[in-house]
Amino acid sequence: MPIARYGVLIGRPLHGVPGRGTNAHYQVHVVDRTTEYRIAVNVKSQLAPSEVEYLVDDDFRHPITEMFRHHEPGFFLLGSMPASGALDYIRGNLFDRTRMRPLPVNLPGPDDDLNDQVDRVIQAAIAEEDAFVCAFGQRWGPEDGVRDKIFGFLPGNGIHDIHMNQGNSGQFVNDDGVWQDGGLLVYFPSVDRWTAVFLKFQSQSWHTDDVHGHTIPTPVPVPEVPPGPGPGPGPGPGPVGPGEPDLRIRIIAALVNPRGNDQGAETVTLLNVTDTDQPLMGWSIANRNKAKAPIAGVIKAGATATFDLPVDVPLSNDGGLITLLDASGLKVHGVSYTKAQVARQGWSVVF
């Protein structure tokens, strides 16, 4: 069954403590106006391999941020569905998965392990008076009469599972669910900038069913796709593996706000990045509400193709998602855009 009491904790960070030991968590002491909490962030996996995959995006732009920019502090339950404010690493088009890479929990030297990466973000938020953290995950507590084991406040209270919560294996399969992924979004008002921290265990799958979030085996071998540029120090992330459909075709642009009447004038442009022609029979383009526009034809190797969207698959001018699905319904690529990016009529947004 999905994780219980999924939601978002919004508050001011006060302290950060790096994770240690076999079940390491980076710990964050947070307060809303009246209540103290602890955020427990996994920085080491219990299943092999132990290195957690991560992405820190220091200029995170996504329509979800508008829901929390002026939100009151505290903990709030979120429905496991689109547009509720919940995170979904696969369906929410939050980031390019090839930018994630595994990192050990502790290494000698500065800024070279996962503790350091999370600590850099938290310490920056602590240093700015008006910055706040939005932590997505599973609530625990309040634990009446029990002090927090890290920071000592009373009662113990907090949020954990600050990582992907679908496509699990082994004993954690029962935690699978859609629109219930964890993560950190940190807002810095002085520069009007969001930083995002996304975490995933290497044992988790990038392809899951839309009902239970269980792993979907990828049935048809496809060419390996090279990675995008890797963030941070060290080598970049590994490529999308053989058998996975991702990124053969990429969404490179969309006309979301055409001049005049939007209906029937919106377009999406695709690029075939492979060295072979790609048939599109049975493929579709989906909007934020999962409405799908069937597409067909063939995109030649290295070529682009632009598709008109029907009126029943509109792209919102207030920000949204665009997802490309193959004939099996598996995600090939996905992008997001904000209201600001599509404010200029007649101009395409480039991804």
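User: Why is the contact between Glu66 and Arg69 called a salt bridge?

Analyst: A salt bridge is a side-chain nitrogen of Lys or Arg within 4 Å of a carboxyl oxygen of Asp or Glu. For Glu66 and Arg69 the N to O distance is 2.6 Å, so the pair meets that cut-off. This is a predicted model, in which local features need pLDDT of at least 70 and side-chain atom pairs count only at pLDDT 80 or more, while totals for chains, interfaces and linings use all residues. Residues are numbered from 1 along each chain as its sequence is written, and side-chain values use heavy atoms, with hydrogens and water left out.

User: Is Arg69 buried or exposed?

Analyst: Buried means under 20% relative accessible area, exposed over 50%, and partly exposed in between (1.4 Å probe, protein chains only). Arg69 has 17% relative accessibility, so it counts as buried.

User: How many salt bridges does the whole structure hold, and what does the one between Lys200 and Glu53 tie together?

Analyst: The search of the whole structure finds 13. In the pair of Lys200 and Glu53, the closest N and O atoms are 3.1 Å apart. Lys200 belongs to strand S10 (residues 193–201) and Glu53 to strand S4 (residues 52–57), so the bridge ties parts that are 147 residues apart in sequence. Strands (E, at least two residues) and helices (H or I, at least four) are DSSP runs, numbered from the N terminus. Lys200 has a relative accessible area of 1%, so it is buried. Glu53, at 13%, is buried too.

User: Why is the peptide bond from Ala48 to Pro49 worth a remark?

Analyst: Most peptide bonds are trans. The bond from Ala48 to Pro49 is cis, with omega near -10°, and Pro49 is in the loop between S3 and S4. The bond from Leu154 to Pro155 is also cis, with omega near -5°.

User: How do you know that the span of helix H2 is as expected?

Analyst: The expected span of a helix is 1.5 Å times one less than its number of residues. H2 (residues 114–127) has 14 residues and reaches 20 Å from its first C-alpha to its last, close to the expected 20 Å.

User: What makes Asp113 a cap of H2?

Analyst: A side-chain oxygen of Asp113 lies 3.2 Å from the backbone nitrogen of Asn115, at the N-terminal end of H2. A polar contact is a pair of N or O atoms within 3.5 Å, and within protein one must be able to donate a hydrogen and the other to accept it; residues adjacent in sequence count only if both atoms are side-chain atoms.

User: Which residues of the largest nonpolar core touch the most other members?

Analyst: A nonpolar core is a set of buried Ala, Val, Leu, Ile, Met, Phe, Trp, Tyr and Cys residues joined through side-chain atoms within 4.5 Å. The largest has 31 residues, and Ile39, Leu114, Ala135 and Leu184 touch the most other members. H2 gives the most to this core, with five residues. Among the buried residues of H2 are Leu114, Val118 and Ile122.
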